[in-house]
Amino acid sequence: MELREPDGRNRHMPVTVYIPTPFRRFAGNQTYVKADGKTVGEVLESLGGQYPSLRQMIYDASDEIPGHINIYVNSQEIHSLQGKLTPVKDGDEMAVIPAIAGGQVLTPEQVNRYSRHIIMPQVGPAGQRKLMETEVLVVGAGGLGGPAALYLALAGIGTIGIIDFDVVDLSNLQRQVLHQTEDVGKPKTESAKETLRAYNPDVNVVIHNTPITSDNAMEIIPQYDMVVNGADNFTTRYLVNDACYFAGKTLVDGSILLFDGQATVFVPGHGCYRCLFPAPPPPGLVPNCAEAGVLGALTGVMGSIQAIEVIKQVLGIGESLVSRLLLFDALAMDFRIVKLRRDPKCPLCGDNPTIKELIDYEGFCGAPFPGQDHDGPDGSVGA
Ligand SMILES: [Zn+2]
């Protein structure tokens with residue numbers, strides 16, 4: 001619409017162009033920009049004249065509007081009108097809408113927080129978004145689960161589930177980095193949640209303040225994309241192995257004793273803990289950390305390795321520990337890797353499986369689940 005000014009000149013009401021957020025920084029951070037023209041093409045030329053870097057976004061090398069950009073006039077796409085020749089009149093509203101990949105958009109604060117990851121081409125903004133959409137269950141908020149959960153939280157893993165029934169004991173503080181002196185006596189899950197949220201409030205921490213058992217494992221594990229095993233006893237270790245296999249979940253396994261650590265990744269169909277160790281040792285033959293001790297700093301190495309394996313799986317980068325067992329001897333300072341194979345005779349993942357649902361693990365291991373009957377000196381589920 002053109003109105004006559006009292007002095008006879010035309011007063012102009014140009015076309016309003018809506019700029020979506022991905023383009024806004026090219027248009028002086030404005031949501032709406034005014035531009036002149038009698039056709040869509042003329043308005044876009046006027047817009048591009050005002051904001052040259054925006055022009056580069058809405059025209060391709062041959063000066064055409066690329067296929068991933070749609071232009072609307074009063075909510076109608078111009079291909080259904082007359083394309084760039086579509087007439088516009090003053091007061092009309094246009095919109096320039098690019099295709100976007102979807103998913104979570106990183107806030108400026110997140111870009112800053114995760115910048116040392118994002119600048120690596122192996123991660124990038126897309127990889128960071130993948131991490132932020134991943135849900136990981138950590139079994140045991142102890143020596144291994146602690147550093148694993150900590151580095152996963154720092155990396156921005158979207159949801160971290162923590163399952164543990166125990167309370168923080170003074171003897172845990174020699175290695176369990178999620179808990180501090182003032183946490184003694186508190187449930188480990190609560191202490192873990194406070195620590196992880198203090199490090200990164202972006203992370204959703206879900207706590208399961210219970211022992212993991214045959215009764216609840218198939219309710220809890222399927223809620224997550226992946227499981228980190230930080231259990232310190234064979235009963236829980238076989239249960240988590242079997243439940244992850246039945247739920248089709250990747251299991252990032254770690255274990256520690258004295259100065260030695262082991263880590264591997266089990267992906268259903270590529271071997272499992274039972275392929276590696278078909279039967280648990282007789283109760284009492286292999287001591288646990290509470291009975292024999294463990295070097296505190298060793299838990300940091302092995303838990304970090306578990307976090308690294310989770311992140312590699314999520315990003316699809318590197319060579320994972322699938323079908324490989326990493327052995328770390330801290331006294332000799334020796335890392336070695338041995339091959340693991342799926343055992344066709346494995347009772348769980350073999351060709352003729354005999355285990356088709358969760359079994360009686362207390363009977364199988366000859367030991368009760370920690371937390372149901374406090375058998376161990378500290379009864380803890382987390383190494
Ligand atoms: Zn197996």
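Domain bounds are those of an automatic or database domain assignment. On this basis, the protein chain is divided into domain 1 (2-98) and domain 2 (134-365), and the C-alpha centres of the two domains lie 56 Å apart. The model is predicted, so that local features need pLDDT of at least 70 and side-chain atom pairs count only at pLDDT 80 or more, while totals for chains, interfaces and linings use all residues. Residues are numbered from 1 along each chain as its sequence is written, and side-chain values use heavy atoms, with hydrogens and water left out.

The structure holds 12 salt bridges, a salt bridge being a side-chain nitrogen of Lys or Arg within 4 Å of a carboxyl oxygen of Asp or Glu. One of them joins the side chains of Glu45 and Arg55, at 2.9 Å from N to O. Glu45 lies in helix α2 (residues 40-50) and Arg55 in helix α3 (residues 52-58), so this pair ties together parts that are 10 residues apart in sequence. Helices (H or I, at least four residues) and strands (E, at least two) are DSSP runs, numbered from the N terminus. Glu45 is partly exposed at 38% relative accessibility, and Arg55 is partly exposed at 22%; buried means under 20% relative accessible area, exposed over 50%, and partly exposed in between (1.4 Å probe, protein chains only).

A further salt bridge is formed by Glu64 and Lys84, whose closest N and O atoms are 3.9 Å apart. This pair links distant parts of the chain, 20 residues apart: Glu64 is in the loop between α3 and β5 (69-73), and Lys84 is in the loop between β6 (76-77) and β7 (93-98). Asp183 and Lys186 also form a salt bridge, with 2.9 Å between the closest N and O atoms. Asp183 is buried, at 4% relative accessibility, whereas Lys186 is partly exposed, at 23%. Salt bridges that share partners join Glu45, Arg55 and Asp63 into one network.

Thr16 is found in strand β3 (residues 15-18) and is buried, at 14% relative accessibility. Its side chain makes a polar contact of 3.2 Å with that of Lys34; a polar contact is a pair of N or O atoms within 3.5 Å, where within protein one must be able to donate a hydrogen and the other to accept it, and residues adjacent in sequence count only if both atoms are side-chain atoms. Beyond its neighbours within four places in sequence, Thr16 is in contact (heavy atoms within 4.5 Å) with residues including Tyr32, Asp92 and Met94.
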